[in-house]
Amino acid sequence: MERTGEKTEHRRARGRPPIEDEPRIREAILNSAENLFATKGYAAVSIREIAERSGATSAMIHYYFDNKHTLLRMVFERALEPLAQAVAGMKTASSTPVADIIGLLMTTLRSHPAMPVLMMREVMLPGGALQAHFLEAMAPRLGGALPGILDAERTRGGLSRELDPAVSTVFLLALSFFPFVARDLAERGLGISYDAEGLDALARHALRIAERGFSP
């Protein structure tokens, strides 16, 4: 029974932050997970470590994402779903120059520079924690859609007929992804900067190489 003058409080579910803080906390968790998974590998990172890095709690992470594997999947989907939607738009476009594809890839990677290393660890290498899910649910909408787009562009005369669309896809992805995979060595060994100006330079070089190498 409620006592006179005593306010009734509705407790939040365990691990649930105030509603107004939810978007900020969720984003912080995703950012921390993305960087930790890329730096240390999925298997070596604990929920507690992600919580400490993000300023959240383990209970909050379980509230938002249920478990660590779901969190890894959401890290990928946050970064790559906008890319998949943009690629879908290219499939119906009247023309898709190679430069547009490179520009789209570089824009995505500038927003999520840890993703190429994370993809290398957890998708491309044997035993990757997200390899099966990626191949089934994401790859067909991403790199798997590019050969068809490039083939259509080749038919329109925008791509050299000497180039195979599937092989060209591999090199376009490498041209965009590898500078981020090799970032540590590129910075320390080659003196390449990855600040805003340096990323602009990387994008310009990738575009120039693609335009010259893939043109008819």
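Helices here are DSSP runs of H or I with at least four residues, numbered from the N terminus. Axes are lines fitted to C-alpha atoms, for helices over the stretch in contact, and angles run from 0 to 180 degrees between N-to-C directions. The model is predicted, so local features need pLDDT of at least 70 and side-chain atom pairs count only at pLDDT 80 or more, while totals for chains, interfaces and linings use all residues. Residues are numbered from 1 along each chain as its sequence is written, and side-chain values use heavy atoms, with hydrogens and water left out.

| Helix pair | Axes come within | Crossing angle |
|---|---|---|
| Helix 2 (residues 47-54) and helix 3 | 8 Å | roughly 105° |
| Helix 5 (residues 98-111) and helix 9 (residues 165-181) | 10 Å | roughly 25° |

Angles under 35 degrees count as roughly parallel, over 145 as roughly antiparallel, 65 to 115 as roughly perpendicular and the rest as oblique. Helix 2 and helix 3 are therefore roughly perpendicular to each other. I47, R48, I50 and A51 of helix 2 make the contact with S58, I61 and H62 of helix 3, where contact means heavy atoms within 4.5 Å. These residues comprise 4 nonpolar, 2 polar and 1 charged. In this division Ala, Val, Leu, Ile, Met, Phe, Trp, Tyr, Cys and Pro count as nonpolar, Asp, Glu, Lys and Arg as charged, and the others, Gly among them, as polar.

Helix 5 and helix 9, by their angle, are therefore roughly parallel.

**Around helix 3**

The whole structure holds 5 aromatic pairs. Rings of Phe, Tyr and Trp (its six-membered ring) pair if their centres lie within 6.5 Å; planes under 30 degrees apart count as stacked, over 60 as edge-to-face and the rest as tilted. Y64 and F65 form a tilted pair, 6.0 Å centre to centre with 50° between the planes. Ring pairs join Y63, Y64 and F65 into a cluster. Y64 and F65 are both buried (under 20% relative accessible area, with exposed over 50% and partly exposed in between, for a 1.4 Å probe and protein chains only).

D66 sits in the loop between helix 3 (58-65) and helix 4 (68-91). D66 is exposed, at 54% relative accessible area. Though not a glycine, D66 has a positive phi of about 75°. Most residues other than glycine have a negative phi.

**A buried loop residue**

S160 lies in the loop between helix 8 (146-156) and helix 9. S160 counts as buried because its relative accessibility is 11%. Beyond its neighbours within four places in sequence, S160 contacts R154, F214, S215 and P216.

Conventions:
Helices (H or I, at least four residues) and strands (E, at least two) are DSSP runs, numbered from the N terminus.
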